[in-house]
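Please open the structure in a viewer and keep the selection tool at hand.

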Amino acid sequence: MSDYDEICVGTFLKSQGRLFDEPVAEDYEEAEAFLEDSLAVVADTIQEVRAYLEESGMDVSGLSDEELQEEGEVFALPDGRYLIVEA
């Protein structure tokens, strides 16, 4: 797991509507600040996503990897990583 880079911030900024009804960030700096404030997590694999969500108390045992990727908190990044943002 790593920190936020341009891919993470840009993907969140563009796709934040899948998690929130109204935008929480209007530009790159606001998006980066929101991710930092919300303690968003970057995972390298879907298995890391599953482990993180399980540790956070979410029951994901019945979800396939594809279904897990569709969860609102999980943002698939173009480079194959995942950004997890808890609302």
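In this tour, a residue is called buried when its relative accessible area is under 20%, exposed when over 50%, and partly exposed in between (1.4 Å probe, protein chains only). The model is predicted, with local features needing pLDDT of at least 70 and side-chain atom pairs counting only at pLDDT 80 or more, while totals for chains, interfaces and linings use all residues. Residues are numbered from 1 along each chain as its sequence is written, and side-chain values use heavy atoms, leaving out hydrogens and water.

Begin with Asp79, which is partly exposed at 41% relative accessibility. Its side chain meets that of Arg81 in a salt bridge (2.8 Å, N to O); the term denotes a side-chain nitrogen of Lys or Arg within 4 Å of a carboxyl oxygen of Asp or Glu.

Select Arg81 next, a buried residue at 11% relative accessibility. Arg81 also forms a salt bridge with Asp5 (2.8 Å, N to O). Arg81 lies in the loop between strand 2 (74-76) and strand 3 (82-84), and Asp5 in the segment before helix 1 (6-15), so the pair ties together parts 76 residues apart in sequence. Helices (H or I, at least four residues) and strands (E, at least two) are DSSP runs, numbered from the N terminus. Display Asp5, Asp79 and Arg81 together to view a network of salt bridges.

Now move to Arg50 and Asp65, whose closest N and O atoms are 2.9 Å apart in a salt bridge. Arg50 belongs to helix 3 (residues 46-55) and Asp65 to helix 4 (residues 65-69), so this pair ties together parts 15 residues apart in sequence. Arg50 is buried at 18% relative accessibility, whereas Asp65 is partly exposed at 29%.
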